[in-house]
Amino acid sequence: MCGIVGYIGGKNAVDIVLNGLKKLEYRGYDSSGIAVVKDEQLQIRRSIGKLKNLKENIEKNPLESNISIGHTRWATHGKPSEENAHPHTDPTKSIVIVHNGIIENYAELKLRLEKEGKEFKSETDTEVIAHLIKKHYKDNLLNAVQETLKEIKGSYALGIICKDEPNKIVCARQNASLIVGAGKGENFLASDIPALLSYTRNMIFLENGDIAELTANEITITDIENNVKKREIKNIKWDCVQAEKEGYKHFMLKEIYEQPRTIEDTFRGRIYPDEGRVYIEEIKLSKEDIKSISNIYVVACGTAYYSGLVAKFLFENFAKIPTEVDIASEFRYREPILNDKVLIVIVSQSGETADTLAALRLAKSKDCTILAVCNVVGSSISREADHVVYTHCGPEIGVASTKAFTGQLTALYMVSLDLACKKESLSKEEIKKYLKELWEIPVKIGDFFKQSETVYEVAKRFANKRDFLYLGRHVNYPIALEGALKLKEISYIHAEGYAAGEMKHGPIALIDDDMPIIAIAVKSKVYEKVISNIGEAKARGATVIIIASESDKTASNNGDNVIYVPDCDEFVSPILSVIPLQLLAYYVAVVLGCDVDQPRNLAKSVTVE
Ligand code: F6R
């Protein structure tokens, strides 16, 4: 994944594609590349690092053409390197493609192609698509793409050129954004609007299943069965800054709304609820390795640490492995008891956090096995860990972590079920049930967003308060901590997260009608306990905002304000119950006029101790 740009028309396509990629730099990337057809040959330039490296490469080895596709890559399968950078070709260099998304069944497709004698040059999932298109190619690129897409499972935005048909670009979309720009005597392709705004404001937003064929003068849209699709051309009025945020006011809001997709991308191709199967390719631990684990330490900082606190419940309840969770800066100086029977689970969005990296190195020096959950391929943590489970969230630009957190929860949930499968500590039926619960979460989050207005109303009502108390129990206690952290970070309001049952041992003294309480009281085995803790607070004059399950008919008796989330199993519920808390923190900060995406004193990646 990251940015795609394509051009066909009368101008120099290379300049237009490079300029478009430049406009997508804000999304983050680790390498880039471009392909053209010139003199009936494909020509490709790729470079790691910033776009200026690609430009220098092109200056040394000039390129010019009326047709081109380009890409900036944020690594998902395979480290950032020139070999893994897009565009990718088939072995005969007839077909060249750029791709955003994840191909779920690429491993089995690659195996099949390798058995047929095909050689691969990269570690990417994308390269299999180029091979397959070539395999299906007779004399029509569109048909070859249609046939290929019948074999592919997963998400994709694709741009494709064939050297034998230098007058067309074919592109296709499934669960990844892809836009066609309509010009006069020229047409464009891009993953995101900002890439095209300098050239055209007339855009077609491709829908899932659409395959478009672009020539300089025509745009034809079909599906895999070659049925023609009619799509409206929209005139986009946004300026470039609005377009970068896809019309959202802030990156943080955009990233909150991206979560149904980023969660699905994280579990895509890794869980099979109907079969009760988890397949995390990156975990190479055998059944014997897993059975010999004496205990787990999850080590992380900040929001990532809170995902670890949830994981403790999962590792202990699903995999039946004793688990401790440590703040990395504490872990590294407390002389924990470590040996080769200990599994260390490191959680980090950036993969560069100094304390987390130091904790990893300490554990490694004591012969522990290191499994990292990380969002950035090729980061220090991902390079030094023994096993890495990537969260496929894409770059997170807002400083306050949102989609990376739910990605971490998703990954840790899958890892714990993988360990449970291999240890046989849960029955097949239980595993199926828990996987199904995860599978349903993206749709449930989408349903929850219909109530964003309610959260906004709550935010407006309470934004003038200076202290908040967040309460939760069991798996939702870490979510109370995370909710409080989000509010502190972006609105500078003092907020404390507390285990609801612990409130009466101290913080209850703080309660008055000026300190709202946010209580997570979703259906679970501790539901009644949380409700009685809420009663204790209300008896002392507290105003309570409850996060409740949709089916809870009595919620409005317990809270002054109720925000409902769809029902789900308690172990998966943190992924859902954190969403209203992210939104609440966001809206409070907006009401107060705070700089949501760049809160004061905070850095996205803390690379100093
Ligand atoms: C909070 C936040 C931080 C990070 C922490 C760890 O919104 O983003 O608390 O979670 O600095 O960062 P990573 O996950 O990159 O190691």
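Arg268 counts as buried, at 11% relative accessibility; here buried means under 20% relative accessible area, exposed means over 50%, and partly exposed lies in between (1.4 Å probe, protein chains only). The structure is a predicted model, in which local features need pLDDT of at least 70 and side-chain atom pairs count only at pLDDT 80 or more, while totals for chains, interfaces and linings use all residues. Residues are numbered from 1 along each chain as its sequence is written, and side-chain values use heavy atoms, with hydrogens and water left out.

A salt bridge is taken as a side-chain nitrogen of Lys or Arg within 4 Å of a carboxyl oxygen of Asp or Glu. By this rule the model has 39 salt bridges. In one of them, Arg268 meets Glu104 at 3.2 Å, N to O. Arg268 lies in the loop between α8 (259–267) and β15 (271–272) and Glu104 in the loop between β6 (95–100) and α3 (106–115), so the pair ties together parts that are 164 residues apart in sequence. Helices (H or I, at least four residues) and strands (E, at least two) are DSSP runs, numbered from the N terminus. Glu104 is partly exposed, with a relative accessible area of 26%.

A salt bridge also links Lys287 and Glu424, at 3.9 Å from N to O. Lys287 is in helix α9 (residues 287–291) and Glu424 in the loop between α14 (403–423) and α15 (428–448), so this contact ties together parts 137 residues apart in sequence. Lys287 is partly exposed at 39% relative accessibility, and Glu424 is exposed at 57%. Through shared partners, salt bridges join Glu104, Arg261, Glu264, Asp265 and Arg268 into one network. Lys229 and Asp223 form a further salt bridge, with their closest N and O atoms 3.9 Å apart; Lys229 is partly exposed at 30% relative accessibility, whereas Asp223 is buried at 14%.

Strand β6 is mostly covered, with 6 of its 6 residues buried. Ile95, Ile97 and His99 on one side, and Val96, Val98 and Asn100 on the other, are all buried. Two strands are said to pair if DSSP finds at least two bridges between them. Strand β5 (residues 88–89) runs antiparallel to β6 and is joined to it by 2 bridges, with Thr89 as the bridge partner of Val96. These two strands form a hairpin with 5 residues between them, and Lys93 in the turn has a positive phi of about 60 degrees. Strand β7 (residues 156–162) pairs with β6 in the antiparallel sense over 6 bridges, and Ile161 of β7 stands opposite Val96.
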